[in-house]
Amino acid sequence: MGAAAPGPGFAGELFRAATAPDATLLAFAVGDVLMVGILAILTGWGVLRQRAWSGPALLVVATASAYAALYCLFLPLMGDGSGWLAALSMAPLPVVPALIAFAWWAGLLSAHGAAVPGVRGARRGSSPR
């Protein structure tokens, strides 16, 4: 009739590193949700509103994202080689927030192309919000 569908654990086998217990990976869930999820959304709102605190918050998000991605990328390398789907899905995570933080600090995300208030080199008359 056709090829049999993979069993219910098939996706988990590709995604989860066999050498890492579920409790180890789930321990990172709260930090990931708070730092990479909620803080990233709040920081994005601050960037859109051009708030002075957005730059430092972008650096925190970029650092937290890089940490999470490096953990996922090195888990298959240090273990038995399983879990590469998770590692590959995390690959853009350290790059994208870092590029956004660089663009913010360079003034590329401001409305008029000028440096964002609160950053060295901002135009005269601009005030932090």
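The structure is a predicted model, in which local features need pLDDT of at least 70 and side-chain atom pairs count only at pLDDT 80 or more, whereas totals for chains, interfaces and linings use all residues. Residues are numbered from 1 along each chain as its sequence is written, and side-chain values use heavy atoms, with hydrogens and water left out.

**Exercise 1. The overall fold**

State how many helices and strands the protein has, and in which pattern they follow.

Solution. Helices (H or I, at least four residues) and strands (E, at least two) are taken as DSSP runs, numbered from the N terminus. By this rule, the protein has 6 helices and 0 strands. Along the sequence, the pattern is α-α-α-α-α-α. Next, consider burial, where buried means under 20% relative accessible area, exposed over 50%, and partly exposed in between (1.4 Å probe, protein chains only). Of the 129 residues in the protein, 26% are buried.

**Exercise 2. The surroundings of T43**

Determine whether T43 is buried or exposed, and which residues it touches.

Solution. Begin with the location: T43 belongs to helix α3 (residues 29-48). Its relative accessible area is 2%, so T43 is buried. Now list the neighbours, where contact means heavy atoms within 4.5 Å. Leaving aside residues up to four places away in sequence, T43 touches W53, S54, A57, L58 and V61. Finally, a polar atom of the T43 side chain lies 2.7 Å from the backbone oxygen of L39.

**Exercise 3. The packing of α3 and α4**

Describe how α3 and α4 are arranged relative to each other.

Solution. Two packed helices are described by the angle between their axes and the distance between the axes. Axes are lines fitted to C-alpha atoms, for helices over the stretch in contact, and angles run from 0 to 180 degrees between N-to-C directions. The axes of α3 and helix α4 (residues 54-78) cross at roughly 150° and come within 9 Å. Angles under 35 degrees count as roughly parallel, over 145 as roughly antiparallel, 65 to 115 as roughly perpendicular and the rest as oblique. Therefore α3 and α4 are roughly antiparallel to each other. Their crossing is left-handed, a term used if the near helix is turned anticlockwise from the far one by less than a right angle (right-handed if clockwise). Residues of α3 in this contact include L39 and T43, and those of α4 include S54, A57, L58 and V61. By class, the contact of α3 with α4 has 11 nonpolar, 4 polar and 1 charged residues. Here Ala, Val, Leu, Ile, Met, Phe, Trp, Tyr, Cys and Pro count as nonpolar, Asp, Glu, Lys and Arg as charged, and the others, Gly among them, as polar.

**Exercise 4. The packing of α4 and α6**

Apply the method to α4 and α6, and give the classes of the residues in their contact.

Solution. The axes of α4 and helix α6 (residues 95-105) are 8 Å apart, at an angle of about 160°. The two helices are therefore roughly antiparallel to each other, and α4 passes α6 in a left-handed crossing. Among the residues in contact are S54, L58 and V61 of α4, with W104 and W105 of α6. The classes are 11 nonpolar, 3 polar and no charged residues.

**Exercise 5. Q50 and L88**

Decide for Q50 and for L88 whether the residue is buried or exposed.

Solution. Q50 lies in the loop between α3 and α4. With a relative accessible area of 16%, Q50 is buried. Its phi is near 55°, a positive value in a residue other than glycine. L88, in helix α5 (residues 84-89), has 58% relative accessibility and so counts as exposed.

Key: Polar contact = N/O pair within 3.5 Å; in protein donor to acceptor, adjacent residues only side chain to side chain.
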